[in-house]
Amino acid sequence: MARLRLPSSPEVRAPVVARALHAIAGSDPGFDGETLVRELPIRFSDCSRALANGDADRLRNWLTPDLFEQWQRGQAFQGSATADPSDMWVEDARVVWAEHGPAEDRLVVGIDCVSQGEDSLSAPTQYWVLVRAAGSKTQPGPAGRCPDCGAPSNDSVSFCPYCSAALGSLRGWRLQEADDEVDWYEGPPLF
Ligand SMILES: [Zn+2]
């Protein structure tokens, strides 16, 4: 899988990210980057649990069709699938890259997780590439209800416990790629 390549300097990335988030919000008034980032830790732990449990229904609603197929063939998430999700928690999450392109919106988020080993703590960062088709709108649905099946839901879950629909502001976004490394490069953004 092609490594994610991004400018290494936060000062170089910040204006590009700000401009792209602004453009995304311009075409989708319901989009709020901060809410999305706030919901990432729950999505992350629900995703880890879905991987550990082989929960195809949830993963089908969250991964891009390509990534879902790779996962089914055992070619994605080998490392994450063996980690015990109950021993892992998210310390911080942030947007490290954003693009508002003609075909799709694309966000790269960095998720710092801490995992409890036998007698040590390790703190790996995971990078998630989230995509959605151009023109997509944020439609979280009615508060406290799953927009697909109408079952009660709440803010502490990011998938409907009844029908596995993706909930919240990440609904509509798909995970295209999950990496534990980024190929950081010096200098201005290359498009
Ligand atoms: Zn539902």
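**Entry 1: helix 1.** I began with helix 1, residues 10-27, whose 18 residues reach 26 Å from the first C-alpha to the last, close to the 26 Å expected at 1.5 Å a residue. A reminder to myself: this is a predicted model.

**Entry 2: its two sides.** Which residues of helix 1 are buried? I found Val17, Ala20, Leu21 and Ile24.

Entry 3: I then asked what covers the buried residues of helix 1. The cover includes helix 2 (33-53), strand 2 and strand 3 (104-116).

**Entry 4: Trp97.** I looked up Trp97 in strand 2, residues 88-100. Is Trp97 buried or exposed? I count Trp97 as buried, because it has 21 C-beta neighbours inside 10 Å. Setting aside neighbours within four places in sequence, I find Trp97 in contact with Leu6, Arg13, Val17 and Val108. Val108 lies eleven residues from Trp97 in sequence, with 4.9 Å between their C-alpha atoms.

**Entry 5: the core.** Last, I turned to the largest nonpolar core, which has 38 residues. Ala98, Val109, Ile111 and Leu175 have the most contacts inside it. Helix 1, strand 2 and strand 6 (174-179) are among the elements that each supply at least two residues of this core. Helix 2 gives the most, with six residues. For Val109, I noted contacts beyond four places in sequence, including Val37, Leu40, Trp128 and Leu130.

Terms used. Residues numbered from 1 in each chain as written. Predicted model: local features only at pLDDT ≥ 70, side-chain atom pairs only at ≥ 80, totals over all residues. Helix = DSSP H or I, 4+ residues; strand = E, 2+ residues; numbered from the N terminus. Buried ≥ 20, exposed ≤ 12 C-beta atoms within 10 Å, placed from the backbone. Contact = placed C-beta atoms within 7 Å. Expected span 1.5 Å × (residues − 1). Core = buried A, V, L, I, M, F, W, Y, C linked by C-beta atoms within 7 Å.
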